[in-house]
Every structure is written in structure tokens, then in C-alpha cells.
Amino acid sequence: MTAAMLPPLPVALPMLIAAVLLTLAHVWPRRVPDTIAALTALAVTSIGLLLLLRAAGGPITYWFGQWEPRDGVVLGISFQVDQVGAAMVTLIGILFTGSFVFAWGFFDEVHAVFHVLMLMFMAALSGFCLTHDLFNMFVWFEVMSVAAFALTAYRLEASALEAGLNFTVTNSLASFFMLAGIALIYSIGGTLDFSALAGVVGRSGGNPVILASFCLLLAGLLIKAAMVPFQLWLADAHALAPSPVCVIFSGAMVTLGLYGASKLAWQVFGSDPVIRAGAQHVMLAMGVASTIVGGVMCVTQRHVKRLLAFSTISHTGIMLIGCSIFTAQGQAGTVLYMLGHGLVKGALFMTAGILLATCGGIDEIGLRGLGRQIRPAGIAMAGGGLLLAGAPVGLMQHGTTLIETAAAAAGRGWVAGVMILGGALTGGAVLRVTGRIFLGLGALPGEEDRSPTEAEQEASDRPLWLMLTPCASLLALSLAAPSSVETFALRAITPFIGAPAASLQSPPAASSHDYLPWLTVMLALLIAAYDLSRQHLPGMLIAAADASFRPLHALLEAWHSGLVGDYVAWIVFGLALVAGCITWLAIV
Amino acid sequence: MIDLLPWLVTAWLMAVGLYGIVTSRNYVHLIGCLTVVQSATYVLLLAIGYRWNAGPPIFYDHPPGTPAVDPVVQALVLTDIVVGATVSALLLALALQLHKKKGSLDPEALRPMR
Amino acid sequence: MSVRFRLLLLIASTIILLPAVVVLALGMPAFGAHPLPYGDAINRDAPGQRHISNMVSAVNFDYRGFDTMGEEFMLVTAVTGAVMLLRGTRGESPGAEPEEVPGRSVQPAGEAIVLICRLMLPVSLLFGIYVVLHATATPGGGFQGGVIIASAVLLLYLGDGYRVWRSIVRSRLLHLCEGGAAAAFVLTGLVPMLLGHAFLENILPTGQFRDMLAGWLMQIENLAVAFAVAGGFAMLFLEFLEETRAPKGEE
């Protein structure tokens with residue numbers, strides 16, 4: 001083994017292990033698949049770290065089958081490992097390690113099947129991060145989708161099945177859009193390699209086929225990233241999938257849709273001015289809409305996992321805003337935000353899973369005060385809520401700072417307001433849940449407040465410390481970010497965006513908006529306090545607030561109807577909006 | 001006109017498939033519509049790799065060097081077909097379980113509880 | 001939201017998309033007459049470099065073999081997922097009888113059907129194997145052949161009925177087939193790498209042009225795909241047919 005062999009391993013290793021586990025699915029003793037899977041995830045984490053170190057000197061290109069380009073024609077498939085991709089692989093490894101430990105003993109009855117699916121999921125996510133070939137990207141996109149579809153419906157309850165069906169239909173459409181986009185650009189360029197395609201885009205700028213190809217690819221990837229108006233599938237799938245799977249969905253899968261979109265926008269289509277302008281507008285509009293819609297929906301939920309799902313939409317919206325700035329700084333901030341959000345959201349879904357396992361429910365009102373026995377989980381959840389709200393520590397905060405500075409430099413300082421709103425709403429919602437479940441705050445539930453959802457419970461014979469350890473570790477990792485991480489991200493981003501090293505910017509001075517994080521945290525605490533102390537507030541105030549808020553809430557709730565026909569109609573509409581915007585910019 | 005036909009067929013298949021999904025009242029029908037949308041991608045890929053007066057990219061009966069269509073898109077379509085088969089199998093399994101649980105396959109009638 | 005609203009949304013989208021589609025169709029490269037540099041390069045080089053005559057297989061198992069690895073695992077993942085979803089509530093019991101629904105008579109297969117199925121089974125199997133083995137020379141390959149083999153086994157069910165089918169086709173064997181083949185495919189990538197070459201590099205001799213077994217490493221990958229596809233599809237048939245068996249106990 002030498003270091004040159006590293007790039008294929010994050011994909012090949014979990015695949016080999018998955019195949020071996022499947023081959024002997026019936027013979028494994030009880031804890032063996034758990035152990036093997038967790039060790040594999042740990043191995044992927046270390047491979048990711050090694051790649052991160054080795055890619056410091058510049059991206060590593062690895063040609064499969066030794067098919068290096070000959071006479072300018074790219075014959076094979078390559079991985080290109082830059083530090084951003086390696087960091088994403090590391091994140092995936094960490095999340096899967098945590099998830100496997102958290103799920104220890106969860107999936108005994110299906111033998112090793114759960115582990116096989118999860119390992120395949122991990123291989124696909126890693127492949128998606130590292131690949132430098134458009135069709136190969138589609139293949140990993142599809143493998144990750146297929147694994148995710150099956151895992152969503154694991155509980156086999158009617159609602160989980162329907163969520164799985166809707167998830168499968170919408171995300172299959174995403175992959176068909178992507179494939180159509182790949183076919184279109186292949187018809188012009190006759191190649192599938194990112195670098196070669198970038199050359200094609202540079203030569204035939206403004207070609208309508210290339211514009212259409214970008215629209216389809218962007219729509220496909222943003223469906224996966226669940227951005228308004230493509231977001232409808234996400235809440236159902238996240239609310240009903242088993243919690244260890246949600247950790248991956250929210251922490252990695254959704255984010256990777258965005259990662260793929262920005263990778264293509266920079267590395268393939270970056271040289272086309274029309275596409276660049278179009279992508280900026282589309283991404284900004286969708287990002288702002290997602291941040292607000294996700295935040296508002298989040299704060300009105302009582303099913304804790306559904307609430308967390310909407311907060312994922314909101315935070316992915318913030319990342320999309322970061323992508324839309326199209327500067328090194330904005331992109332570096334987005335990457336940091338992705339890493340931090342993945343860790344925090346993974347930890348939060350684990351606390352939701354702890355509630356499901358120990359308290360036998362997931363309804364915020366129904367669980368009021370029941371979390372007192374598991375106080376450590378409450379501390380973890382409060383910590384996660386504060387981080388979501390934008391407490392000035394950790395990876396997410398470094399990302400936020402970079403995005404806000406980049407936006408201000410691009411003349412769009414107002415997006416900081418949107419980001420504060422998103423953070424305050426989602427953080428406030430999580431803090432409210434913590435207060436109600438773990439401290440018993442808020443009004444006593446009446447008879448009419450009984451949970452409208454079906455009873456849920458996840459395997460309850462797992463020790464609490466085993467579930468808390470990965471949760472606390474993820475939070476600790478997201479906090480353990482040295483202040484030099486911004487400089488590091490800015491350096492790492494240059495190969496990702498294909499910029500010459502000369503355009504390197506220095507990290508922003510930290511003192512520019514010192515009060516901002518505290519403002520968001522205060523807002524979040526206010527939102528949580530408002531909901532928890534309703535019964536003590538003057539009735540007039542409550543009535544006025546409800547009356548002004550209810551129509552918006554009713555409209556948004558009706559939008560998330562759970563009907564696949566609606567979802568697909570909105571997907572088509574979203575595609576039309578993306579295409580319309582880019583066509584308009586091409587004409588003007 | 002014949003030059004435009006493959007592209008128009010692609011767009012048409014995609015449009016009718018999407019229309020079918022949006023208005024469908026039965027999940028099995030809906031899965032069928034999804035495969036129609038997917039057929040659009042087959043048509044598109046194969047049309048892009050086509051070349052007038054060229055043979056198949058298999059040099060068994062005629063020697064290498066004979067004009068042939070693009071083998072790459074055919075390989076891509078093969079992957080696409082596998083995608084179609086796998087997704088259909090999963091969807092049908094889900095639909096079957098759903099029917100067992102709820103006795104219906106109409107999305108409108110199955111509106112999930114919130 | 002009502003269906004009418006959805007249709008309005010669709011119409012609005014069509015109004016936006018239709019002109020874009022027209023512009024796109026007019027802007028597409030000339031059908032059948034535009035350059036295809038990638039495909040041409042493979043058509044030109046592969047017969048000499050790899051001594052095989054089926055260019056699609058050359059792409060699938062060599063130039064873009066890594067895609068095929070992903071594709072095979074996609075299939076394995078989907079089959080595993082479908083099995084989990086179908087088996088979840090009922091478990092598995094090879095000895096069970098088919099369910100008899102009141103009002104739907106299950107007639108035993110006629111003698112002619114049984115005979116034809118028994119005759120066709122070996123013929124179809126043979127044809128499947130033929131298609132698998134001729135992957136690199138003529139149109140054929142593991143995917144197509146694997147599906148034919150799995151369908152051939154299904155003739156057992158059609159002719160001899162559920163019980164015979166179920167007593168011969170065992171899920172453990174199919175798991176072994178699927179998982180083992182998938183592992184073998186990864187090993188065709190890993191072994192060259194451990195020997196100091198690139199992942200999936202074709203390091204075996206490539207044989208004679210137009211020979212059935214030309215392109216050695218490709219043959220191994222092809223066989224792996226054939227086993228995985230045959231095992232996977234047979235597994236799907238098995239699980240979907242299990243749905244017809246009589247439920248045991250309270251369910």
C-alpha cells in the first residue's frame with residue numbers, strides 16, 4: 001500500500017465490505033455487522049484525513065484503469081481530490097461512524113441488511129464528492145438515492161411508505177433531469193470529463209444547448225438539496241426515516257446536492273458569463289426563499305424530527321446564499337458551513353433518536369417534561385440549538401462570518417439579515433423543544449393537544465451512553481475549530497473554484513460585526529421564550545400575533561400537502577423558473 | 001424536420017410522463033408514468049450517439065474502421081436501464097406494502113396524517 | 001391543493017418552457033451528423049488496445065469500468081432494499097403454500113404448459129449463458145444474459161408451480177451469488193491496485209481479436225455482473241412471488 005492508492009479507497013472499501021456482509025448475511029453473529037460497519041466508517045474517516053493532508057500541495061488526479069487522456073481525448077474516468085472534496089469525505093466518514101455507533105443494536109432483526117445499505121450509501125456519497133466525471137457523478141448520485149429510498153421506508157408504517165414513495169418519485173425525476181443535462185452537454189462537447197467540458201463551455205459560450213444542460217443539472221441537484229420550490233419531499237422523508245439514517249440525510253446527503261451544484265457551476269460552467277449571472281440570481285432567490293420558508297415551517301412544527309427537517313431546509317438555504325455570491329470567500333464560507341452544519345444537525349437528529357428510544361415518542365407537546373431523566377441529552381440539544389442559532393463559536397460560525405463578509409463585499413450585505421432570521425427561527429424552535437421536553441416549561445397539554453401523528457418508537461434496549469457518546473462527539477468536533485480554519489478554507493478553496501492562487505484573499509477581520517451572533521442568539525431565545533410562556537402573556541398580544549401569523553402558516557402547511565402530484569407539479573414549475581431566468585438573462 | 005424529430009419526441013415523452021405523474025390517481029400508474037419520463041432520456045442519449053450511414057459499434061462482421069455509431073452513449077443507456085429497473089423494483093415494493101397497509105393506492109386517499 | 005391548481009401550475013410552466021424547448025431543438029447539433037470524438041476514439045483504439053470487437057463492452061468493462069462498478073452496486077443496493085421492504089413484515093419461510101384467495105380458483109398448470117416450460121428452461125438457460133459469454137465479441141454481456149438466466153428460472157414457477165420453484169430457489173444461495181459477484185467486481189479493481197497498477201487496470205493478457213474470451217479482465221468483470229444480475233433479479237422474483245404465499249398466523 002502506498003499513498004498513491006488512496007483516492008479509490010473511500011469508495012472501494014465500503015463497497016467490498018458491503019458485498020462481503022451481504023454474501024454471508026445469514027451467518028453473522030449479532031454484533032459483528034455493527035462492529036465491521038463502524039470500523040469501515042472509521043477507516044473512511046482516516047482515509048479522508050490522509051487525503052486532506054496529501055491534497056494540501058494541490059489536487060490529486062487519479063485515472064481509473066490507467067486511462068490517462070491521449071492526444072487531448074479523455075478516455076476514462078478520473079477522481080480529482082482537492083481539499084474540499086477530502087474534507088467532505090472526512091465529514092461523511094465521521095457522520096457514518098457516529099451513526100453506526102448510535103444505531104448499535106438498532107437493526108438486529110434485518111441481519112446485516114441495514115449495514116449493507118448504509119455502507120453502499122457511504123461509498124456513493126464519497127464517490128460523488130471526489131469524482132471528476134459528469135456521468136460518474138450521476139452514477140453515484142443514483143446509488144446514493146437508491147440506498148436512501150430503501151432506508152427511508154424501513155419502518156414499513158403507512159406514512160413511512162408513502163414518504164418513501166414520494167421521495168423516490170421526486171428524486172428519480174431529479175436524476176432524469178440530471179441525465180438529460182448530461183446528454184445535452186455531451187452532444188456539444190463529446191466528453192464527460194469536467195476539465196474537458198470546461199474547455200467546451202469556454203469555446204462555445206452562449207450556446208442554448210449548454211444553457212439548457214446547466215438548467216437541467218442545476219434543477220436535478222437542487223431537488224436533492226431540497227431548495228424551494230423543490231423542497232416538498234424532504235420533510236416527510238426526514239420525519240419518517242429511522243433516526244440513524246436521518247443523521248446522514250440531513251448531515252451529508254442534502255448538503256451534497258448543493259456541493260455538486262456549486263462544483264459544476266465553478267468547475268464546468270464557470271467560464272460562461274450568462275450561466276454565472278443566471279446561477280447567481282437563481283441561487284440567491286432560492287436560497288433566500290428556502291431560508292425563510294424553512295425557518296417559518298420549522299418554528300411551527302411539533303414533531304421534533306419534522307422540525308429538524310425544516311431547519312435543514314433553512315440552513316441549506318443559507319449555504320445556497322453562500323454559493324450564490326460566487327467568490328472564493330463566499331464558497332469557502334459555504335464549505336465551512338456545510339461541515340459545521342453536518343456535525344451539528346447530525347447530533348440533533350441523534351438527540352431526537354434518543355427521545356424516540358427512551359421516551360417512546362417524538363411529539364414535542366406529548367413529551368413535555370418527560371426528558372428530565374435524560375438531562376445530558378437535553379444539554380446536547382440545547383447546545384445544538386444555540387449553534388444553529390449562530391452562537392459565535394465553532395465551524396458554523398466561521399462559515400457564517402465568511403459568507404456575510406463576502407456578501408457585503410459583493411454589495412449584498414442585506415443577506416446577513418436573512419441569515420439571522422433563519423438562524424433565529426430554527427435555533428429558537430430547537431431551544432423551545434429543549435425547554436419543553438427537558439425542563440417541562442410551557443403550558444400543560446390539554447386533551448385537544450394530543451399528538452396527531454401515529455405512535456412511534458425506536459429500539460429501546462440500547463444503553464443511553466452509547467447513544468450520547470457519538471452525539472456529544474459530533475458537537476465537540478463542530479466546536480473544536482481553531483480560528484485559523486478560515487485561512488485554511490480560503491486556501492483550500494482555490495483549486496475547487498479553479499482560481500489562480502494570486503487572487504487569494506485574507507480572512508476578514510473578526511471584529512466587523514461582533515454583536516451580530518449575539519443578536520441572533522437573543523432573537524432565538526426570545527422566540528423560544530415567547531412560545532413557552534404563552535399562557536403568561538397578555539391575551540391581546542397572543543391573539544394579535546396569531547392572527548398575523550396564521551394565514552402564512554396555513555398557506556405553507558397546505559403547500560406541504562404530502563401529495564406526490566403537488567410535489568411534481570412544483571418541481572416542473574421550479575424547472576421552468578430556473579430555465580426562464582437563465583433564458584431571460586441570455587436574451588437581455 | 002427529421003432532424004428535429006428525436007428532440008421533439010424527447011420533450012414530448014418528458015411532458016406526457018410528467019403530466020401523468022401530476023394527475024395520477026394510482027401509484028402503479030404513477031410508476032408507469034415515471035418510466036415514460038425515463039424513456040425520454042433513452043431517446044435523447046441514443047439520438048445523440050446516432051450517425052447516418054453507420055453500423056453498430058461491434059467489429060465482428062465488419063473490420064475495425066467501418067463507420068459506427070457512438071458506443072459510449074450506448075453504455076450510458078445500459079446504466080440508465082439498470083437505474084430504471086432498480087427504481088421500478090423499489091417503487092413497486094413500496095406500493096405493494098402500502099396497499100397491504102391501507103388497502104388503497106390512490107395518493108389523494110392516502111393523505112398522510114400530520 | 002386541487003388537481004385544477006396543479007394543472008394551472010403545469011400550464012404556467014409549459015408556457016415558460018415551450019419556447020425554451022423550441023429554441024433548444026433548433027439549436028441542437030445536426031442529428032446524425034455531428035462529431036462524436038469520444039466514441040470515435042474508442043472505436044478507433046479499442047480493437048487494437050484490447051483485442052475485443054464489442055465496443056460497448058469495451059466502454060462498460062474497461063474504459064468506463066468504474067461506472068459499471070457503481071451500476072452493479074446500484075442494482076445490489078436496490079435488490080437488498082426491495083428484499084428488506086418486502087420481507088420486513090412477513091419474514092421468510094421456504095416451506096409455505098401459495099395463498100388461495102376465495103373466489104379466485106388456482107388451476108393446476110396444464111400438461112402442455114408444464115412440458116413446454118420444462119423444455120424451454122434448459123434452452124433459455126443455455127441462451128442466457130451464451131449471451132453472457134459473448135460479451136466481448138458480439139452483442140451480449142452480463143446484464144442482458146443475467147436477466148435471461150433469471151427469467152429462465154422463473155419458468156419453473158410457471159410450469160411446476162410455487163412449491164417446486166420455492167424448494168429449488170433458495171435466498172441464501174442468491175445472496176451468495178449477488179454479494180460474491182459484487183465483491184469479485186471490487187476485487188478486479190483492488191487486486192491490480194495492490195499489484196502496483198491503477199484501480200481496475202486491465203493487467204491480464206487480452207487474448208485474440210474476435211475470440212470469445214478476449215479481454216480477460218473484462219471477462220471476469222462480465223461474469224461478476226452476470227452473477228450479480230442473475231442473482232439479483234431471481235431474488236426480486238422470489239420476494240415478489242413470496243407475496244402470493246399464504247400468510248401465517250394473525251397477519
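The legends below describe close-up views of a predicted model. Residues are numbered from 1 along each chain as its sequence is written, and chains are lettered from A and ligands numbered from 1 in the order in which they are written. Local features need pLDDT of at least 70 and side-chain atom pairs count only at pLDDT 80 or more, whereas totals for chains, interfaces and linings use all residues.

**View 1. Chain B on its own.** Chain B contains three helices and zero strands, helices (H or I, at least four residues) and strands (E, at least two) being DSSP runs numbered from the N terminus. The order of its elements from the N terminus is α-α-α. Its C-alpha atoms fill a box of roughly 60 × 30 × 20 Å along the principal axes. Of the 114 residues in chain B, 51% are buried (20 or more other C-beta atoms within 10 Å of the residue's own, with C-beta atoms placed from the backbone).

**View 2. The contact of chain B with chain A.** Chain B and chain A contribute 35 residues each, two residues being in contact if their C-beta atoms, placed from the backbone, lie within 7 Å. On the side of chain B, helix 1 (5-23), helix 2 (27-49) and helix 3 (71-102) each supply at least two residues. Helix 3 of chain B provides the largest share, 14 residues. This side of chain B comprises 22 nonpolar, seven polar and six charged residues (Ala, Val, Leu, Ile, Met, Phe, Trp, Tyr, Cys and Pro count as nonpolar; Asp, Glu, Lys and Arg as charged; the others, Gly among them, as polar).

**View 3. The contact of chain C with chain A.** Here 57 residues come from chain C and 57 residues from chain A. Helix 4 of chain C gives the most to the chain C side, with 14 residues. That side divides into 33 nonpolar, 16 polar and eight charged residues.

**View 4. Helix 6 and helix 7 of chain A.** Helix 6 (residues 158-189) and helix 7 (residues 194-203) of chain A pack at an angle of about 70 degrees, with axes 10 Å apart. Axes are lines fitted to C-alpha atoms, for helices over the stretch in contact, and angles run from 0 to 180 degrees between N-to-C directions. The two helices of chain A are therefore roughly perpendicular (65 to 115 degrees). Ile185(A), Ile188(A) and Gly189(A) of helix 6 meet Ala196(A), Leu197(A) and Val200(A) of helix 7.

Technical notes:
Parallel < 35°, antiparallel > 145°, perpendicular 65-115°, else oblique. Buried ≥ 20, exposed ≤ 12 C-beta atoms within 10 Å, placed from the backbone.
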